[in-house]
2 protein chains.
Amino acid sequence: MTLSPSAIELGLGANVRRSPFFEATLRDGLTTATVYNHMVIPVSYGDPAAEYDRLINGVSMWDVAVERQVQIEGPDAFKLAQYLTARNLSNLKIGQGRYVPICDYDGWMINDPVLQPIAEDTFWLSIADSDIWLWADAVAHERGFDVRVSEPDASPLAIQGPKAVDVVADLFGERIRNFRYFGFEATDLDGIPVIVARSGWSKQGGFELYLRDGSRGTELWDKVKAAGQPYGIGPGAPGAPERVESGLISYGGDMRHQILRANPFEMGLGKFVDLDGGHDFIGRAALARIKAEGPARRRVGVFIEGDPAFPGHVVPLVKGPDPVGHISTFCRSPRLGRTIGLGLVASGIANDDQGLAIVVKGQAVPVTLSELPFI
Amino acid sequence: MTLSPSAIELGLGANVRRSPFFEATLRDGLTTATVYNHMVIPVSYGDPAAEYDRLINGVSMWDVAVERQVQIEGPDAFKLAQYLTARNLSNLKIGQGRYVPICDYDGWMINDPVLQPIAEDTFWLSIADSDIWLWADAVAHERGFDVRVSEPDASPLAIQGPKAVDVVADLFGERIRNFRYFGFEATDLDGIPVIVARSGWSKQGGFELYLRDGSRGTELWDKVKAAGQPYGIGPGAPGAPERVESGLISYGGDMRHQILRANPFEMGLGKFVDLDGGHDFIGRAALARIKAEGPARRRVGVFIEGDPAFPGHVVPLVKGPDPVGHISTFCRSPRLGRTIGLGLVASGIANDDQGLAIVVKGQAVPVTLSELPFI
C-alpha cells in the first residue's frame, strides 16, 4: 500500500480488533498497519524492498486474520450460498474452494470472497472488506432459510512466494504439493487446529493456514517462522506493488459500493456469472440486462509517465478533455521499473488509444493502457 | 482512544477512504488516526491533555466524516426505517432526529445510529462502525419495499464543548440555540451546503455540520476554525476518556456482533424497545422473550485500582474465581483522577458487591462497580 506523505500514528482504540497474530507481528518489527474488516492488518515491517523481494523470490509470512469468515451453517446452507452468488455452485466439493463474486440486487459487486465448503451443511465465505455477514443474515432470515450465519474462530496466516510450498510441505507433509488452487484440508500442527488452504492474495503462489484457535496465534506464527528459516522467510503483508503488477482485485481498493461501483462484467469476472444454469441469485435480472447490453466499462492497467505519488483516492482517466474512466490505485513496479495502475475505462476506448491521461492533483499525467496482468 | 504501547504508522492504501476534511486535519497537525467505516478518522493532534481540556472547558472541532449516512428514500422509506428498529417511530417529525438501536433477528445490537427524517420519503441513518447499508438494502429488496438505499454526500464535522453553541450561533444565527437535541436544519454557510444538527458523540454539548458537498471540506473546516478563534477552538477527536466518563455507547468498542454481543436491554436501552406499540420490527420476538425473562446482564462502570494499561481487547470481570462479566474498555479519567471502564455484569451482581476484579494480562486487578455516567 502507498503510505501517506505525512507519517500518522495508528490509533488503536477498543473499536479496532486485534488479530491473534498481533503480538507476534509487533515483536517481529511491525512498523505500519491499517484496519480492514474492523481489525488491524500489518502493512510493513519497515523494509518494503526486502519484503517485496521475499515475496517474489523467496517466502513471506502474512497476518491476514482480517480475512474474516462468514459461516453459513444448517440444512439450507447450500441454498443460501447459491442465492448469494452469480457463480454456479453445482459440483461443489468439500475441501475445494471457489472464488464467488457477490453482487447486490442491481448487479454491483459488494464483496468477492472465496467460498469454502467445510461440510455438507457448512460453508465459509473468506471475505474482503465489507460486512457481508449482515447481508447474508438479513437475506437468510427474510427468505426463511434454515441456516445460522456466524463468525467461526478462524484467522488466516498466509505463506506466500515461490518457496512457500516448501515451507508448508515441511510443516504438513508432501501431500500438500498436490493441492489444487483453493483446495484445503482441516488438520493440525502439533495440536494447533488449522485449515491448510492453497490460496493467498498474491500471484507468487502459496498457502493460507486458517488458525482455528484464536488464543494460539503466537504459537502458530512461531512454528511457521521456524519452519521457514531455511528458506529465508520473513514477515510481510499483502498489497501494492505485487498485487497491482499481478492485476489482483481489491474490493475496497478498486471498487467500493458507496464510492466506486463496478459489476462483475466490468471487472473481468463475467465468466463467473452463470445466467444459463437456471439457478436464482441476487442480482440475476440486473446482470442479465448488463450482459445483453454489453458492459459500459472494462478493467485495464495503465503505464503512467514519471513517478507521481498516489493521492489516496481514485483519479479520473481522461482522453483530451473527456472523462473516459478512472484509475483506483497506482504505484511503482519494482520489476518493471515503471509506475503502473489499475482502473476501469469506457468500453469504446482501445488499448492502443493515444492521448490518455490521469488527473492527479489537477495535473494531467500521460498514460498508456495495458493488458492485465502486467507480469 | 488508548494508543498502542508501540507506535505503529497508519498505512493508507487505496482501500482506506479519505474524509473530505483529511487534508485540513493533516495541515492542522494530525498525529494519530484510525479507520472507522472504511474511512480515516482522526484520533489526536499530539496533545491529548489540551484536546481534552478544549472539549470539557472550551470548544473542539472534529472530523467525524466516518459517521456515514445510510439514506433510505422512496414511498416505503418510513416502512423500512420502522421495520429496522425496535423504537417506535410514530410522531417522527422532519428536522428532529432520534437515536434508534438496530438489532438482528435474535435481538443482538448491530448498530446504534441516529435516524434523521430529511423529508417525508427520505431518512438518514447516521451510523456507527458496521455496514448497515448492506442490512437495510437486503431487507428492503427481500421484503419488496419500494425504496432506494444509498449513501448521500454528507460528512459530519462536529463542534463539541460548552462553547460550541456560541461558535455555531455566530456561524448560523441565534436560532440554533433553540434546537432540541438531535434537531437539525438544512442550510448553507456562505454557499456551502450543510445540515446543522444539535448532536455529537460527547456529553459536553455541541453540534454537527453535515457537509453536503464533499469537495468543500477544507473550506468548511476553515470557516469553523475561524469562527471558533475567539473561543479558543482547536482540533480534537471523539473517544476515551470523555466518552467513558460520560458512559456513551460505542458500537464496535463496547460490543460488536462477532465478538461481544449485547442486546438493548443489557445496554440500558430498554426504553427504546417498544413492544406495545404494535409495530413489527426485526428482532421483535427475541426482544419480547428477553424482556419477559429479564436481561441476563446489565451495563456498568468500574473503578479500577491503579493505572493498568488497556490491553486492546475486552477483559474478563471476575468475582473470586467466577466469571461475572466483562469490561470492554478502560482509561484514565482526567477529571476523576482514577482509572475507569465500561462493561457488562451478570444481573445477579450488585453495585456494592465486593471481591470483583478484572483480569489484565493474567493479573487480577481489583475493581468496584459504578453507576453510569461517571460524571
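Q: How many salt bridges are there between chain B and chain A?
A: The count is two. Keep in mind that this is a predicted model.

Q: Which residue forms a salt bridge with Arg143(A)?
A: Glu142(B) does, and the closest N and O atoms are 2.5 Å apart.

Q: Which elements of chain B give two or more residues to the side that touches chain A?
A: There are two helices, α1 (22-27) and α4 (132-143), along with the strands β1 (9-10), β2 (32-36) and β19 (322-333).

Q: Which one gives the most?
A: α4(B), with 10 residues.

Q: How do the residues on that side of chain B divide into nonpolar, polar and charged?
A: On the side of chain B that touches chain A, 28 are nonpolar, 20 are polar and 13 are charged.

Q: Back to the whole contact. How many residues does it take from each chain?
A: Chain A gives 61 residues, and chain B gives 61 residues.

Q: What area is buried between them?
A: About 5400 Å² is buried between chain B and chain A, and carbon and sulfur atoms give 57% of that.

Q: Now strands. In which sense do β2 of chain A and β1(B) pair, parallel or antiparallel?
A: Parallel, over two bridges; the chain A strand covers residues 32-36.

Q: What stands opposite Thr32(A)?
A: Glu9(B), which is in β1(B).

Definitions and conventions. Residues are numbered from 1 along each chain as its sequence is written. Chains are lettered from A and ligands numbered from 1 in the order in which they are written. This is a predicted model: local features need pLDDT of at least 70, side-chain atom pairs count only at pLDDT 80 or more; totals for chains, interfaces and linings use all residues. Side-chain values use heavy atoms; hydrogens and water are left out. Contact means heavy atoms within 4.5 Å. Buried area is the accessible area (1.4 Å probe) that two parts lose on being put together, summed over both. A salt bridge is a side-chain nitrogen of Lys or Arg within 4 Å of a carboxyl oxygen of Asp or Glu. Helices (H or I, at least four residues) and strands (E, at least two) are DSSP runs, numbered from the N terminus. Ala, Val, Leu, Ile, Met, Phe, Trp, Tyr, Cys and Pro count as nonpolar, Asp, Glu, Lys and Arg as charged, and the others, Gly among them, as polar. Two strands pair if DSSP finds at least two bridges between them.
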